[in-house]
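Hi,

Here is the multi-chain model I promised to pass on. Have a look at it first, and my notes on the interfaces and a few local details follow below.

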Amino acid sequence: MSDIKKPNKRSFLYDAGTRSLVFQVVLLAIVLYVCYYLFSNLQANLDSRGISTGFSFLNEPAGFPILIHLISYTEADTYGRAFLVALINTCVISLLGIIFATIIGVIMGLSRLSRNWLVARLATTYIETLRNIPLLLQMFFWYFAVLAALPTPRHSYEFADFFLNKRGIYSPNPIIQEGFSIAVFGFMLSIVASIALIIWAKKRQTRTGLWFPAYWSSLGIIVVITLLAFAVAGFPLTFDLPHQTRFNIKGGMVLPPEFVAVLLALSTYTGAFIAEIVRAGILSVNWGQTEAARSLGLKDSLTQRLIVLPQALRVIIPPLTSQFLNLAKNSSLGAAIAYPELVSVVMGTTLNQTGQAIETIGLCMLVYGTLSLSISLFMNWYNKKMSLIER
Amino acid sequence: MAIEFKPSPSLPPPSKSVGVVAWIRHNLLSSPLNVVLTAFSLYILYLTIPPLIEWGLINATWTGTSNKACTGGGACWAFINSYFEQFMYGFYPSEQTWRINLALVILVLLVAMFAIKKINKLYLALVIILAYPVLAYYLFSGGVFGLEPVETAKWGGLFLTVLLGVIGIVASFPLGALLALGRRSNMPVAKSVCVIFIESIRAVPLITILFMASVMIPLFLPEGLNFNKLLRVLIGIVLFSSAYMAEVIRGGLQAIPKGQYEAADAMGLSYWQSMSLIILPQALKLVIPGIVNTFIGLFKDTTLVYIVGMFDFLGRIQAANHDTKWLGTTVEGYVFAAFVYWIFCFGMSRYSMALERKLETGHKRN
Amino acid sequence: MTDRNMALAQLEAGEQAIIEFKDVNKWYGDFHVLKNINFSIKKGERIVVCGPSGSGKSTMTRCINRLEEHQKGTISVDGIEMNDNLKNIETIRKDVGMVFQHFNLFPHLSILENLTLAPIWVRKMPKKEAEELAMHYLERVKIANQALKYPGQLSGGQQQRVAIARGLCMQPRIMLFDEPTSALDPEMIKEVLDVMVQLAEEGMTMVCVTHEMGFAKTVADRVVFMDAGEIVEANEPQEFFNNPQHDRTQLFLSQILNH
Amino acid sequence: MTDRNMALAQLEAGEQAIIEFKDVNKWYGDFHVLKNINFSIKKGERIVVCGPSGSGKSTMTRCINRLEEHQKGTISVDGIEMNDNLKNIETIRKDVGMVFQHFNLFPHLSILENLTLAPIWVRKMPKKEAEELAMHYLERVKIANQALKYPGQLSGGQQQRVAIARGLCMQPRIMLFDEPTSALDPEMIKEVLDVMVQLAEEGMTMVCVTHEMGFAKTVADRVVFMDAGEIVEANEPQEFFNNPQHDRTQLFLSQILNH
Amino acid sequence: GTLDDVKQKGFIQCGVSQGVPGFSNADNKGNWSGIDVDGCRAVAAAIFNDPSKVKFTPLSAKERFTALQSGEIDMLSRNTTWTYTRDVSLGLDFTAITFYDGQGFMVRKELGVKSAKDLDGATVCTQSGTTTELNMADFFRKNNMSYVPVIIQKADEAVAAYDSGRCDVFTTDKSGLAAWRTKLKNPSDNIILPETISKEPLGPVVRQGDEQWKDLVTWVLFAQVNAEEMGITSKNVAEIKKTTQDPSVRRLLGLDGDMGKDLGLSADWAYNVIAKVGNYGEEFDRNVGKDSPLDLPRGLNNLWNNGGIMYAPPVR
Ligand SMILES: Nc1ncnc2c1ncn2[C@@H]1O[C@H](COP(=O)(O)OP(=O)(O)OP(=O)(O)O)[C@@H](O)[C@H]1O
Ligand SMILES: Nc1ncnc2c1ncn2[C@@H]1O[C@H](COP(=O)(O)OP(=O)(O)OP(=O)(O)O)[C@@H](O)[C@H]1O
Ligand SMILES: [Mg+2]
Ligand SMILES: [Mg+2]
């Protein structure tokens, strides 16, 4: 028989499993200890300095005004509500920023790939300039340069019932009247109709191979039916028109310059990054794919729509989401130019009035953490859904 | 008896496909849409370029001692001119700024020595990473060899900006590498510690971290144990950038083919040996462009230290705007700041692209 | 000269030329890649194109469905001349199928969708009909059972067969092959060649760039040898292999057959 | 059954088994990739492993130096059993050299550094000595003149020879080859096979996964045929090729030899 | 305690504002000046007999309390308003009042506004994180007027926004208004409205629970006020010290008894403060008063016996 040695006794020190176990236990202990150390210090410091802790301050009246609030808010409301207002402001600016940045990014990315030399150069210049200048500076630029260029309220630019001046853009504020529900109903109806149209067009294509321009026609349907419904209801909207007063334009809806500047800065800055992502995504689709599509007789527009874009999107979406995330985080710089977002209201004013540093900063981090987490969860889900099926 | 094959001569292409006219036709006017786009672009250029040149160059004032000198209607560069030293060095005593320049020269010389063949690159790198910072620290802060001490509160301007950026990136490097390795390890505890750290740092804006660093760190330390604000802000920046660095390096690690790990294993190298001898050297080379990009991002982000009250480049320029002698020069200040940041960032991104190209060709991989 | 005469002779013989190159010249920038190509292909003919790397084989083939533009001379396919007219190009592309070296299947679409794409969008066929057609061709290349998989899930040989089926789904009158087997493992080459031989037997007009000399010998009607952007020699396979006219051809054959 | 008996018979014959598989089973997740492998290899024996793609050849080979863990049964090399013990693994890896299909040279190190890496860091050899050793093996694979180049600068065949030399530098008692020639162009295959034949002649214990049947015929002591995770047949080449026992083996041989 | 730490370090870490002319402002060499800055210097002079042993930490409004709470600075001397909440719930203690201020409004002349009551519908710029924000809210609410608040993180930008026409009104403490006005493009086009809408007592702040340190900071200021009352200035203090027989002066200058012991200071600490930094009046005049570009009137900040309310407890 062979002289195979029986498995030699497992030496504790050299066992791979044991080693990693020991290492991990030590690591865990260190991490826990550091946390404990920091928090016990914190506790001691808070105690010895008589700083009260807790979130009860959220129920106290805030007493400070907020420039932009989408839900009703007065100085008499609580810190909790101020926090909510700020949170909404952050979300609104992030969402709008994301939309505009994407539009700008796609246009600029495509322009950079344009066969028109001049357009491509201009797009390149745009991208290379904006990407390489700190966002904070760009915010100052938009705020102060644009403010400087606009007229004072007394000399507002005026067109129809719109005003433009240093205080912002004033537009008529729609006020809902009786019968508005009929219009809403008409709108709903038109949407249902166009969905039906799209389904019908698809079915017909499957059956007969004939195409019908379903998307354009449904757009038409929506516009026509909604307008009709409006007419039937007797145009159930009145407008609160802005008008000139001593200091300001009064009435109407106003888009303050802070909002516009932050939005401009965020979307042009992030747009430059998105442009590069879009360009890289489109370039990443092998030229062979285009050639194959062409040699099948597909028109260039169809080639883009059916072959290039779906594949480019896979490459584009992941970095795009992280740009969205950056944009949301960068909205915190709005604090520097009076946009009342989370950092400004919570880590600025609230912290200063209440002195609750730990709580307010904790709240902010929590909000941003949740925001990031949900965006990246979405990203992972999307990635999984879109990943190419392979062997 | 076989016919000899003589390739027929290559002819020049027909004239309509080369030359200026062909170029313009092909690149600017190839379709009606392109004609419109070209006209539109030209119009934009017409709107922007001439006024800019007029303001920034033709009507600009370059020298003077107060805004009274700026009468041309253009930019008042005299402001930048008279504050230049402050913008570069902050409040650093002007008779001591040679120390900063000296440190810079030494650094440039050291880096240039990489070009010399005979020198051991490893030792040189060690000198730059380990010895140089000590030297630079003593040069900057003084207090030894008869150098007049300069407290860190006086450090400022572009000097501070560059300092924050460079230290942020260099120090975050080893930390980022460790985090990246940890994130890829198959030990659940190590992995989750790294993941939690990386993700939570990346989730929050730098400004909250700077804020924590500038005012809150002392709350977490025992009473009496406290350290320099600059140092605290630096720690914040390093932690922040190390999380980003970790992700960059992880990308590099993932790009290393599995075969390299296997070959190293098969040769009997231990984990740390194969990481330090085989995997990391390759991964890091791969991610140099990513690192440069992180650096550019960080460099731009350091403007935020101005919000926590440090007089970095931007902060110093803003402070100078207070000077009653130079009222109304805010725009010039911002334009100058934008220009300097742009030069730095654009230069670096070009450099990284060049590197990328160089690595692509010079380094075939199997 | 010989080639030109030959082509003319054929035309005179009243045989119908489905593809015709007349004095075709093409440049990439300053680089003269096709030089005075004169050549015509009859309906149902099977042409194998060979020659050293860089000699312009691919370029010439790709000019046929205008994946590349030429700058001088005329190319006509099926009597329609190639020019900037988009309509012409579309018409011709419907009639010409192409199979690439690297398959170029659409990775985000299933095999079936790859095949039905052009019939549905270009030929405006009802979806059902297109699918039946696709299944028909998939059976012909013997992978009907893979219809619902994605390209990434198939082996190289299977992918190339799908690519051929995709080309056939347009029911083209001409098929172009650009080194269809050179990216394949040896076992898979046979699968693909088998399908091509079968196609050839059915009388499809084929232009095939390949170095598979076995294939050339068995199915080609003519073998075209290119070098430095020119057609050096074009002949029936028998003649071409046994009795090459040019020294360049001899050299090439000696290299390729020894391998 | 036959294999098992055979293996036992050999063992009984008192010949020393340097590698021994006993009831080895391995799973990837739920996928049973090695099924009841029983096999032993004597010192100095030269084994060629063949079989269809996915049959588990690579996996089995990689179990020998524990690039893969097995879940059931025992593998012992040189009398040492494979388990989680890091020391054992280290010892065995010093004794087993491996050559991969894709060479896996370290692209950032010069050829010489590739070779001296393991001697210096694992065997703790002085640098000078390691370099002498490396040059010795480089000469043996006939590329001593390339010592200072980088892997990216060599052709595939040269790279694979460097990989072999790198394996030899550990002065192992066993060499494993996993399809060492299948990523190479035909001309380069010969270069590499030559080196391997030479090694075989020197009496190195070798396990070689390959489809080069010529190589198997000339140097193998035994040819092992695997399918679906099992060893179907193991025999001397003479017998194996001329008189395969299983129909599966016959089928495989007919495919591979016809090609 | 803090004093021991400070003595050990050899300097005081003092939180000041990032730049309010007259209160704390750095020149282009990084030298700080202002009444808040001098407050810190005076404490340094009391401890070290050397007013330069201070390091300044410029703080934004929202950082300041956290910085003090966390121990990053030893005292906060940053035109900070003494309010109930701040004193009671932040773990901080206000010491004494260095400057009696009140919030006011600055508007452009061209608007023709004469009174704060005319500001209905105005757009108001101010800095975030200050009592100003709250007072403004209270004022407009009380008078049932509407307004648009533009609240910016740093005073610089808030003023810039006002100057560029974003707002009709800029509001902050009146002293601040005077200071900022000098930095506007056309100072004379702007006026400060007469109303004072709030009480803004400004003074240094220390951490709660260190009585010795609190007393020290408090009494350094009181000593300066007392000195002014007694007519002692930095110019004549040396002379007076040699010649005076006035018992209260002798006590103040550390000639009789040891007033420094319980504060942990030398007996002549007040002498050092006056000699090196000056009395309160000198400090005021130099930084914000008649010797400064701001040229603020003494007003409330005059001594109690001169029509103001500056009143320091006696040294006894
Ligand atoms: N887009 C292009 N721009 C410039 N030169 C090109 C381009 N495409 C091909 N060429 C050049 O044109 C010549 C002919 O290319 P072509 O691909 O037709 O050769 P081929 O005969 O198919 O070679 P192979 O056997 O390698 O595929 C080559 O020298 C090639 O380098
Ligand atoms: N890491 C893995 N995870 C899951 N399955 C794997 C993994 N590695 C290999 N397999 C599967 O195990 C089976 C055997 O793989 P192995 O590489 O050993 O085959 P092989 O005989 O070497 O084939 P080839 O000739 O293609 O190299 C295959 O079906 C393969 O798909
Ligand atoms: Mg080709
Ligand atoms: Mg294998």
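**Which chains touch**

Chain C and chain E do not touch either, with 50 Å between their nearest C-alpha atoms. Eight pairs of chains are in contact, and of these chains A and B share the most contacts.

Some housekeeping before the details. This is a predicted model, where local features need pLDDT of at least 70 and side-chain atom pairs count only at pLDDT 80 or more, while totals for chains, interfaces and linings use all residues. Residues are numbered from 1 along each chain as its sequence is written, chains are lettered from A and ligands numbered from 1 in the order in which they are written, and side-chain values use heavy atoms, with hydrogens and water left out.

**Chain B against chain A**

Chain B puts 49 residues into this contact and chain A puts in 47. The buried area is about 4,300 Å², with carbon and sulfur atoms giving 72% of it; buried area here is the accessible area (1.4 Å probe) that two parts lose on being put together, summed over both. In chain B, the residues that lose the most area to chain A are Leu219(B), Phe220(B) and Lys300(B), together 15% of what that side buries.

For charge pairing, the rule finds one salt bridge across this interface, where a salt bridge is a side-chain nitrogen of Lys or Arg within 4 Å of a carboxyl oxygen of Asp or Glu. The side chains of Arg350(B) and Glu128(A) meet in a salt bridge at 3.0 Å, N to O. There are also 11 residue pairs in polar contact between chain B and chain A, both residues at pLDDT 80 or more. A polar contact is a pair of N or O atoms within 3.5 Å; within protein, one must be able to donate a hydrogen and the other to accept it, and residues adjacent in sequence count only if both atoms are side-chain atoms.

Several helices of chain B each supply at least two residues to the side that touches chain A, including helix H7 (188–203), helix H12 (288–301) and helix H14 (330–362). Helices (H or I, at least four residues) and strands (E, at least two) are DSSP runs, numbered from the N terminus. H14(B) gives the most to that side, with nine residues. By class, the side of chain B that touches chain A has 36 nonpolar, nine polar and four charged residues. In this scheme Ala, Val, Leu, Ile, Met, Phe, Trp, Tyr, Cys and Pro count as nonpolar, Asp, Glu, Lys and Arg as charged, and the others, Gly among them, as polar.

**Chain D against chain B**

Here 25 residues of chain D are in contact with 19 residues of chain B. The area buried between them is about 1,900 Å², and carbon and sulfur atoms give 62% of that. On the chain D side, Phe106(D), Pro107(D) and His108(D) lose the most area to chain B, together 28% of what that side buries.

Again the rule finds one salt bridge across the interface. The side chains of Arg62(D) and Glu262(B) meet in a salt bridge at 2.3 Å, N to O. Polar contacts between chain D and chain B come to seven residue pairs. The elements giving two or more residues to the chain D side are strand E6 (96–99), helix H4 (111–121) and helix H6 (156–169) of chain D. H4(D) gives the most, with four residues. That side divides into 14 nonpolar, seven polar and four charged residues.

Asn104(D) has a positive phi of about 55° although it is not a glycine, and its place is in the loop between E6 and H4 of chain D.

**A few things in chain C**

Over all chains the count comes to 39 salt bridges. One of them joins the side chains of Arg161(C) and Glu191(C) at 2.8 Å, N to O. The pair links distant parts of the chain, with Arg161(C) in helix H6 (residues 156–169) and Glu191(C) in helix H7 (residues 186–201), 30 residues apart. Glu179(C) has a positive phi of about 45° without being a glycine, and it is found in the loop between strand E7 (174–178) and H7 of chain C.

Cheers

Note on methods. Contact means heavy atoms within 4.5 Å.
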